[in-house]
Amino acid sequence: DSLKFFLSLYGHKLPVLAFDSSDDDTILASGGADKSIKIFGLDFGDTHRTLYGHEDSITDLRFVKRTHNFFTCSKDSTVRFWDGDRFQQILLLNGHASEVCSLAVSRTGAFVLSGGMDRQVRVWERTKDIVFLDEERERELEEVFDKVDGSKRDENTSDVLLRAQKDGDEGLDADDETDEKPQSEAAVKQSILSVSAGDRIMEAVELADEESKEIAAFKKLQEDKSGDNRRAPNPMLFGMDPSQYVLWVLRSVKSVDLEQSLLVLPLKHVERLMHYLILLLRAGKGIELCAKISVFLIKAHQAQIVANRTMMTPLRELQTLVRMRTTEIRDTAGFNIAAMRIIARIANEKKNERINYEEKSMKDIWAGLGKA
């Protein structure tokens, strides 16, 4: 009304291509070329949540009337339906053969129109079928696995190395060229075992969060009331602390499936897992495994972590703890190796003193025998 500057909403790393606000003017959602969706509060301009799911730039975004649900379309030829209150994906709509450029939602929300570069306008109608989010998530994971193990399987390590080898051998003679593929294959492949391991890790993080909240509430209650009552441990955690239980679950995952199981985790669980990694590193437990997981998570979710400013302080502490604990392990290992070398040298010297057949003759051996 006053035609004056009110809010500045920032957070995208690349240009914003689409945005829309809800009918009640409480939230605004935006999508950009960085493949992310950001939900802002229009009261103070704070970022409520950053959502990821699209594999390419987001081209359009539209809210459903009188709700906080919205549709997005992208250059990855998909249309997605999101819940702006629970910050999760509801539906994935496939059908376009090329980039989807625009969306239009009906006034009642009964259907949505999408148009793309494939010269098609598709009508998506709302049905009375109940949508189960867990089933939709499993279906999406199965499609990802089909892409990896099916027609797109040529994008593994061996083919990448083969292409690099062919590019490097362009100037060689025809006799030197070979069509044999390199021996190295993809180190880790997605499987049902890695998905189940990822589910176990997510369940462990959620149980640990619930137990931590209950412990904090119990301590606060003990401070208000004088008493010596003891709280019974949670049987689901087998009597362990929350951080220790998370470490036990991480150790139960096979090293072959560890990296792929960590890739299954959403960003919310990654943040909570880093919190427990910090607690474990403070206590000096599972240092090697915690350092390995920390480095992998930061490499895999670098863009999302950098865009989230709330993780800057935990990241600095995590960096300090990893360096400190790995230095302690290195010093301990070096000290033990040096001690073992000294022990081996002393044992070798004593062995040479007791038996040295090369310097002593048989006469010297029996010389003192029989004398008082």
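Me: Is Cys101 buried, exposed or partly exposed?
Reply: Cys101 is partly exposed, at a relative accessible area of 33%. The cut-offs are under 20% relative accessible area for buried and over 50% for exposed, with partly exposed in between, using a 1.4 Å probe and protein chains only. Keep in mind that this is a predicted model, where local features need pLDDT of at least 70, side-chain atom pairs count only at pLDDT 80 or more, and totals for chains, interfaces and linings use all residues. Residues are numbered from 1 along each chain as its sequence is written, and side-chain values use heavy atoms, leaving out hydrogens and water.

Me: Which cysteine sulfur is closest to that of Cys101?
Reply: The one in Cys73, but at 7.3 Å it is too far for a bond. A disulfide here is a pair of cysteine sulfur atoms within 2.5 Å.

Me: How many disulfides does that rule give?
Reply: The count is 0.

Me: And Cys290, buried or exposed?
Reply: Cys290 is buried, with a relative accessible area of 1%. It belongs to H7, where Ile287, Leu289, Ala291, Ile293, Ser294, Phe296 and Leu297 are buried too.

Me: How many residues does H7 have, and what is its reach?
Reply: H7 has 14 residues and spans 20 Å from first C-alpha to last, close to the 20 Å expected at 1.5 Å a residue. That expected span is 1.5 Å times one less than the number of residues. Helices here are DSSP runs of H or I with at least four residues, strands are runs of E with at least two, and both are numbered from the N terminus.

Me: At what angle do H4 and H7 pack?
Reply: At about 80 degrees, with their axes 11 Å apart. That makes H4 roughly perpendicular to H7. Leu247, Leu250 and Arg251 of H4 make the contact with Leu289, Cys290 and Ile293 of H7.

Me: What are the definitions behind that?
Reply: Axes are lines fitted to C-alpha atoms, for helices over the stretch in contact, and angles run from 0 to 180 degrees between N-to-C directions. Under 35 degrees counts as roughly parallel, over 145 as roughly antiparallel, 65 to 115 as roughly perpendicular, and the rest as oblique. Contact means heavy atoms within 4.5 Å.

Me: How do the axes of H4 and H6 cross?
Reply: They cross at roughly 105 degrees and come within 9 Å. H4 and H6 are therefore roughly perpendicular to each other. On the H4 side are Pro242, Ser243, Gln244, Val246, Leu247 and Leu250, which meet Leu273, Tyr276, Leu277, Leu279 and Leu280 in H6.

Me: Now the largest nonpolar core: which members touch the most others?
Reply: Among its 40 residues, those are Ile201, Leu250, Leu262, Leu273, Ile293 and Leu297. Helices H3 (192–224), H4 (242–252), H5 (255–263), H6 (267–283), H7 (287–300) and H9 (312–354) each supply at least two residues of this core. H6 gives the largest share, 9 residues. By nonpolar core I mean a set of buried Ala, Val, Leu, Ile, Met, Phe, Trp, Tyr and Cys residues joined through side-chain atoms within 4.5 Å.

Me: What does Leu297 contact beyond four places in sequence?
Reply: Leu262, Val270, Leu273, Met274, Leu277 and Ile305.

Me: Switching to strands, where is Ile37 found?
Reply: Ile37 is in strand S3, residues 36–41, and counts as buried at 1% relative accessibility. Beyond four places in sequence, its contacts include Arg49, Leu51, Ile58, Phe70 and Trp82.

Me: And where does Arg62 lie?
Reply: Arg62 lies in strand S5, residues 58–63, and is partly exposed at 32%. Thr72 is 10 residues away from Arg62 in sequence and 6.6 Å away in space, C-alpha to C-alpha. Leaving out residues up to four places away, Arg62 touches Phe19, Asp20, Phe70, Phe71, Leu103 and Val105.
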